[in-house]
Amino acid sequence: MARRKHPPVPGALDQLIHERLRLGIVCTLAVQDSLSFTELRDLLETTDGNLSVQARKLEEAGYIRCSKRFEERRPRTTYRLTPRGRAALEDYLQTLSDMLPPLEQVRHSSAARRSPLRPVPAEG
């Protein structure tokens, strides 16, 4: 794919996905058919409350689907990525990719700008 003449601005990123935990939820569900609340919480190393709040925002946007049922009298919540959520993630990743310079360019520019460390002069 040819790169655009001008890269997109950061505001072009889907802010709903851009938050750290929500991005983790969407990315994790993109490679799993479904995950339980507990599995998702443990994979993302977050708290019940934080996962619940962030997952609800994605659910309200139609990016993930939540289903609740009982197994052996215990509630079980399961999350899946919806087609809308997958499309949003693909758009997010494409926009991010369009924003970033090629890795070799970053490495080369970084090496060229390095200068030897100089000691900080003592005060007094």
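**A quick tour**

Guide: E72 is exposed, with a relative accessible area of 80%. Keep in mind that this is a predicted model.

Visitor: Where does E72 lie?

Guide: E72 sits in the loop between β2 (64-71) and β3.

Visitor: And what is its backbone like? What about the phi of E72?

Guide: E72 is not a glycine, yet its phi is positive, about 50 degrees. Most residues other than glycine have a negative phi.

Visitor: What is the phi of R73?

Guide: Phi of R73 is near 70 degrees, again a positive value in a residue other than glycine. R73 is also placed in the loop between β2 and β3.

Visitor: Is R73 buried or exposed?

Guide: R73 is exposed, at a relative accessible area of 81%.

Visitor: Switching to aromatics. How many aromatic pairs are there?

Guide: The search of the whole structure finds 1 aromatic pair. F37 and Y79 form it, with 6.4 Å centre to centre and 40 degrees between the planes.

Visitor: Why is the pair called tilted?

Guide: Planes under 30 degrees apart count as stacked and over 60 as edge-to-face, so the 40 degrees of F37 and Y79 makes the pair tilted.

Visitor: Which parts does the pair tie together?

Guide: F37 belongs to helix α3 (residues 37-44) and Y79 to strand β3 (residues 74-81). The pair therefore ties together parts that are 42 residues apart in sequence.

Visitor: Buried or exposed, those two?

Guide: F37 counts as buried at 17% relative accessibility. Y79 is buried too, with a relative accessible area of 6%.

Visitor: Back to α3. What does L43 touch?

Guide: Leaving out residues up to four places away in sequence, L43 touches T28 and L35. L43 itself is in helix α3. At 52% relative accessibility, L43 counts as exposed.

Visitor: What separates the C-alpha atoms of L43 and T28?

Guide: Their C-alpha atoms are separated by 8.4 Å, and the two residues are 15 residues apart along the chain.

Visitor: Which residues are buried in helix α2?

Guide: In α2 (residues 20-30), T28 is one of the buried residues.

Visitor: Last one. What caps the N-terminal end of α2?

Guide: E19 does. One of its side-chain oxygens lies 2.9 Å from the backbone nitrogen of L21.

Technical notes: Residues are numbered from 1 along each chain as its sequence is written. Side-chain values use heavy atoms; hydrogens and water are left out. Rings of Phe, Tyr and Trp (its six-membered ring) pair if their centres lie within 6.5 Å; planes under 30 degrees apart count as stacked, over 60 as edge-to-face and the rest as tilted. Helices (H or I, at least four residues) and strands (E, at least two) are DSSP runs, numbered from the N terminus. Buried means under 20% relative accessible area, exposed over 50%, partly exposed in between (1.4 Å probe, protein chains only). A polar contact is a pair of N or O atoms within 3.5 Å; within protein, one must be able to donate a hydrogen and the other to accept it, and residues adjacent in sequence count only if both atoms are side-chain atoms. Contact means heavy atoms within 4.5 Å.
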